Every structure is written in structure tokens, then in C-alpha cells.
Amino acid sequence: MEIWRVVDDLVCSRRLPGLGQTSLRVLRGQRGETMVATDPVGVPPGKWVFTCIGTAARLAMPDHDTLTDLTICGIIDGWDET
Amino acid sequence: MEIWRVVDDLVCSRRLPGLGQTSLRVLRGQRGETMVATDPVGVPPGKWVFTCIGTAARLAMPDHDTLTDLTICGIIDGWDET
Amino acid sequence: MEIWRVVDDLVCSRRLPGLGQTSLRVLRGQRGETMVATDPVGVPPGKWVFTCIGTAARLAMPDHDTLTDLTICGIIDGWDET
Amino acid sequence: MEIWRVVDDLVCSRRLPGLGQTSLRVLRGQRGETMVATDPVGVPPGKWVFTCIGTAARLAMPDHDTLTDLTICGIIDGWDET
Amino acid sequence: MEIWRVVDDLVCSRRLPGLGQTSLRVLRGQRGETMVATDPVGVPPGKWVFTCIGTAARLAMPDHDTLTDLTICGIIDGWDET
């Protein structure tokens, strides 16, 4: 699982039906890269989270058919960027 | 899901039958890299989109057997390249 | 499989139910990158391990439905960082 | 899907039976990296192609059980390296 | 498939049961990176090989349930590092 900081919500008015009303978060990685993840946890901006990819990302969603390849799995306590 | 800008259509006269007449778009990433994605949304060049990979990329297509590993899932509103 | 050094446990009070009480380890890679892995072996910090990703990462867990994309598969004997 | 130039055939006298007599091509990427792909299209050296990875790479082969993780899916018309 | 040079065996006294007695090889890549692969071919150190990842890596093993994400698929004839 990879470690990211939640920076924002993703505003996306036009999306595939398979994404439903899923919350999408913009994440920033350890080298400054940006990704988008589905969020079944409900994480506010500023928190550090870890994510899983691939099939695990779909299994982590309440609806396993959600169209995602990256899902937030938990909030990390007391993480300092290193 | 990753964030890309649509730069062009991919012209490809000789392709595997499993791709059908699927629209193929050339995408440019945040570090200037180039990829090709299937597009079930219908996105004009210049728009910012997010994509999913792997099995999710096939599930995102109307025909789940489409030969793809990268599919456009939605158009992002008001994205500024950072 | 990739080679990592175990640096710490991951403290995470809020996680998805699909992760259960699984032990999560923080790993450091050969280029200094940081990842999180599930650990069915029981590895103390400081050890060098190798991991598998994707579906294999779930098959490596006692419960194959564990929400993981990276699992420790074994401890390496006498590895010197090169 | 990723974009590559076909540079050569791969000569490989000893291979796993699951690869059969599949044509293997050496590809060069946009940053000079080298990969090997199975080729169900029949592409001569010098052409620009796009490939798919993972399960899609196997589905792209006439025999879906072919041991591959990268398959050529089509020839690109009029591509200029950018 | 990716191209690697076999540099050594991996000595690993404590491993998950799902790996059985599988031979594990340390590989060095084109940019100096190090990985570990399962080896159903029987390759001595010094040889250039190509590997497959993911589900194909498991299908390449005599036992398809082997816990691996990277498997050696064949030995390359007359490869010169470029």
C-alpha cells in the first residue's frame, strides 16, 4: 500500500455511470505526484492515508463493481513526512 | 486514477479485432509522458481527464471484453496543471 | 518480488473492516521510497524482506480476502544493501 | 496503452512451453527503455506500435493462455517521436 | 516482458509455505535495479533472461498457485547490454 496526503476533493461533473456518486479525492505523493482515489472512509483534506491498487481497490469499496484502481484504506496516525 | 490531458486522436489503421471501432485518444501526463487510452466518454482534445487501469479499464467500457488497459472515466472541472 | 527493509509498524487507528487486525509494516526500498505491506510472517524492524504484489499479495495472506496489494513473503538471509 | 518502436526480434532458444512459437519483439520506449512483447499482428522493425499489459495482453493473443504480460495491439499511422 | 541478468540465488530460510521449495533468483535490471523472481527454467548466474509479471507469472509456474509476481520465462541468446 502506498502513502499519500489528501489535498482536495475532485470536482467532476461528467463521469462514467460505474463510478456512481463515489467520493473522489485528489492525493499528493511523497515525490509530489498527484493521483485520484475513491474514498469509502471519508477523509478530510490534510490527512495522511494509505491506499491499495488494482483488484484490492475495488474490493475495498462497498460496491465491488465500482470503477476504481486506487482506494483509500485507512488514515495513518501521527505520520511525519520523511 | 491518474490525471491526463487529451492531446489528440490516435490514428491506427491496423489494429486487433478485439479493439473494435473504439475511440483511442493520445494523453499527455503531468511529467510529459504520452499514453493511449480508450474513450467511452467522448472527450475533445484539451480537456483534463482521469483514467483507470487494469481490469477496471475493461469494466469501464460498454463492451467489457475490449482490449484495453487504460480507459478515460471522467472529465475534470476547472483543473489547473500544478 | 521486490526487496525492502522493514523500518517500523504502521499505526492506523481508523481502517477499513476488510483489513481486520492484520499487521501493517512500513518498508523502505532500495531508492529510499516508503511503502506499507501486510505481514503474515511476523518480521521485526531492521530485517530485509521480499514482497509480492497484486493478486499474489492477497493469496499470501491467511485470509485471501484481506485488502492488500503488497505482502511480505519471506525474510532474506545475509542481505547487504548494494 | 503505451507507445513503442519495434527494434528487433528476440532470439530465445530456451523458453517455457506456455509461450509456444509466439513471435517475440524487442521494443524501445519513449525514454530509451527496452521491453519484450508478444506480437499477434506481425510488425516489421521500425514501426511504431501501441501495447496493452496484464490480463488484456493475454486476451489480445489468439491463445488466451499465452504466457505474456505485454502484447502489441496495433500499428500507429504517421507517428512522430515527440 | 522485461529483460534482466541473473546475478545470484536468493538465500531465504524463512518463507511462506505457498512458495514451496521454488528456486528464487536475484535479478539485475537495465538501470541497476534489483528484483527477485521465481525460476522454473533453471538459469545459472550471468545469463540474460526475460520475465513476466502478475497473473502470467503464476501461470508460468508448474504449480499455478505459487506465490509469485515475477517469473523467468526464457533465456535470451546473444544479448548485449545496450
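**View 1. Polar contacts where chain C meets chain E.** In this predicted model, eight residue pairs are in polar contact between chain C and chain E, both residues at pLDDT 80 or more. A polar contact here is a pair of N or O atoms within 3.5 Å; within protein, one must be able to donate a hydrogen and the other to accept it, and residues adjacent in sequence count only if both atoms are side-chain atoms. Look along chain C for β1 (2-9), β5 (48-53), α1 (54-59) and β6 (70-75), which each give two or more residues to the side touching chain E. Helices (H or I, at least four residues) and strands (E, at least two) are DSSP runs, numbered from the N terminus. That side of chain C divides into 15 nonpolar, six polar and three charged residues. In this sorting, Ala, Val, Leu, Ile, Met, Phe, Trp, Tyr, Cys and Pro are nonpolar, Asp, Glu, Lys and Arg are charged, and the others, Gly among them, are polar. As for salt bridges, the count between chain C and chain E is zero.

**View 2. How much chain C and chain E bury.** The contact (heavy atoms within 4.5 Å) takes 24 residues from chain C and 22 residues from chain E. About 1800 Å² is buried between the two, with carbon and sulfur atoms giving 61%. Buried area is the accessible area (1.4 Å probe) that two parts lose on being put together, summed over both. Spot C:Met1, C:Phe50 and C:Asp77: they supply 35% of the area that chain C buries against chain E, more than any other three residues.

View 3. β6(C) and strand β2 (residues 14-15) of chain E run antiparallel, joined by two bridges. Pairing asks that DSSP find at least two bridges between two strands. C:Gly74 has E:Arg15 as its bridge partner in β2(E). Over at chain A, β6(A) pairs with strand β2 (residues 14-15) of chain C, again antiparallel and over two bridges. There, A:Ile75 is partnered by C:Arg14 of β2(C).

View 4. Chain A can be laid on chain C by a turn of 72 degrees and a shift of 0.0 Å along the axis, with an RMSD of 0.0 Å. That is the relation of a five-fold axis. Within chain A, A:Gly54 comes closest to the rotation axis, its C-alpha lying at 5.8 Å.

**View 5. A salt bridge inside chain A.** A:Arg25 and A:Asp39 form a salt bridge, their closest N and O atoms being 2.7 Å apart. The pair links distant parts of the chain, with A:Arg25 in strand β3 (residues 24-28) and A:Asp39 in the loop between β4 (34-38) and β5, 14 residues apart. The rule wants a side-chain nitrogen of Lys or Arg within 4 Å of a carboxyl oxygen of Asp or Glu. Over all chains, the count comes to 15 salt bridges.

**Notes on the views.** Residues are numbered from 1 along each chain as its sequence is written, and chains are lettered from A and ligands numbered from 1 in the order in which they are written. In this predicted model, local features need pLDDT of at least 70, side-chain atom pairs count only at pLDDT 80 or more, and totals for chains, interfaces and linings use all residues, while side-chain values use heavy atoms, with hydrogens and water left out.

Methods
Least-squares fit on C-alpha atoms with pLDDT ≥ 70 in both.
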